[in-house]
Amino acid sequence: MPLPLTAPVQPSAAARTVLKDVFGLPDFRPGQAEVVAAAESGADVLFVAPTGSGKSIAYWVPGVAAGDLTVVVSPLIALMVDQVARLTQLGIASACVHSQMTGEERREAIRRASAGELRFLYLAPERIGAGGFLDALAQLEVSRFVIDEAHCISSWGH
């Protein structure tokens, strides 16, 4: 017996509004709409696509539309800094935590996340293993957890 056909799941109207009004994009690229819709539904998502294909939009849009905190683990400091700068320029409160920051800067980023002031908090993978950091992370109300550049996981170590 064939499986029943279902209509493709589409992103919410709020997500489409964010895409247009915040990011200035007329429509989703191939694959993005399905990922955004799945993320909005609370599903776990694996999105594999080439560099430059818009993977970040696929988690930025649901994060902005929901108005809550998304934690992004990224192994590349330059990429984190660039993405935080881009989001900040768009008026989206974001911060990162990595080894090239002072202790005070890292504490301030976590404080802002804890106070609900951030939509995106980017973390270097080694921060997760730093003493006491998981305790601080456990205090945050995280709605989405993203691993960016996941192909690097094997080089991050055990």
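Read from the N terminus, the elements of the protein chain follow the order α-α-α-β-α-β-α-β-α-α-β-α, and the secondary structure amounts to eight helices and four strands. The coordinates come from a predicted model, and the values reported here should be read with that in mind. Of the 158 residues of the protein chain, 37% count as buried, while the accessible surface comes to about 9,100 Å², with 57% of that area belonging to carbon and sulfur atoms. Among the contacts in the protein chain with a separation of 6 or more, 65% are accounted for by residues 24 or more positions apart.

| Helix pair | Angle between axes | Distance between axes | Handedness of crossing |
|---|---|---|---|
| α1 and α3 | roughly 115 degrees | within 9 Å | right-handed |
| α2 and α3 | about 40 degrees | 9 Å | right-handed |
| α3 and α4 | about 45 degrees | 13 Å | right-handed |

The axes of helix α1 (residues 13–21) and α3 cross at roughly 115 degrees, and that angle makes α1 roughly perpendicular to α3. The contact is built from Ala14, Ala15, Val18 and Leu19 on the α1 side, which face Ile57, Val61, Val64 and Ala65 of α3. Sorted by type, the residues of the contact of α1 with α3 comprise eight nonpolar, no polar and no charged.

For α2 and α3, the packing angle is about 40 degrees, which makes α2 oblique to α3. Here Gln32, Val35, Val36, Ala39 and Glu40 of α2 make the contact with Ile57, Ala58, Val61, Pro62 and Ala65 of α3. The residues of this contact of α2 with α3 divide into eight nonpolar, one polar and one charged. Ile57, Val61 and Ala65 of α3 are named both in the contact with α1 and in the contact with α2.

Turning to α3 and helix α4 (residues 77–89), the axes lie 13 Å apart at an angle of about 45 degrees, so α3 is oblique to α4. Ser56, Tyr59 and Trp60 are the residues of α3 that meet Gln83, Arg86 and Leu87 in α4. The residues of this contact of α3 with α4 divide into three nonpolar, two polar and one charged.

Once its neighbours within four places in sequence are set aside, serine 74 is in contact with Leu79, Met80, Leu123, Ala124, Pro125 and Asp148.

Glycine 42 also belongs to a loop, the one between α2 (32–40) and α3 (55–66). With a relative accessibility of 59%, glycine 42 counts as exposed, since the cut-off for that class is over 50%. Although glycine 42 and serine 143 are 101 residues apart in sequence, their C-alpha atoms are 8.9 Å apart in space.

Methods:
Residues are numbered from 1 along each chain as its sequence is written. This is a predicted model: local features need pLDDT of at least 70, side-chain atom pairs count only at pLDDT 80 or more; totals for chains, interfaces and linings use all residues. Side-chain values use heavy atoms; hydrogens and water are left out. Helices (H or I, at least four residues) and strands (E, at least two) are DSSP runs, numbered from the N terminus. Buried means under 20% relative accessible area, exposed over 50%, partly exposed in between (1.4 Å probe, protein chains only). Contact means heavy atoms within 4.5 Å. Accessible areas come from the Shrake-Rupley method with a 1.4 Å probe; for residues, only the protein chains shown count as cover. Axes are lines fitted to C-alpha atoms, for helices over the stretch in contact, and angles run from 0 to 180 degrees between N-to-C directions. Angles under 35 degrees count as roughly parallel, over 145 as roughly antiparallel, 65 to 115 as roughly perpendicular and the rest as oblique. A crossing is left-handed if the near helix is turned anticlockwise from the far one by less than a right angle, and right-handed if clockwise. Ala, Val, Leu, Ile, Met, Phe, Trp, Tyr, Cys and Pro count as nonpolar, Asp, Glu, Lys and Arg as charged, and the others, Gly among them, as polar.
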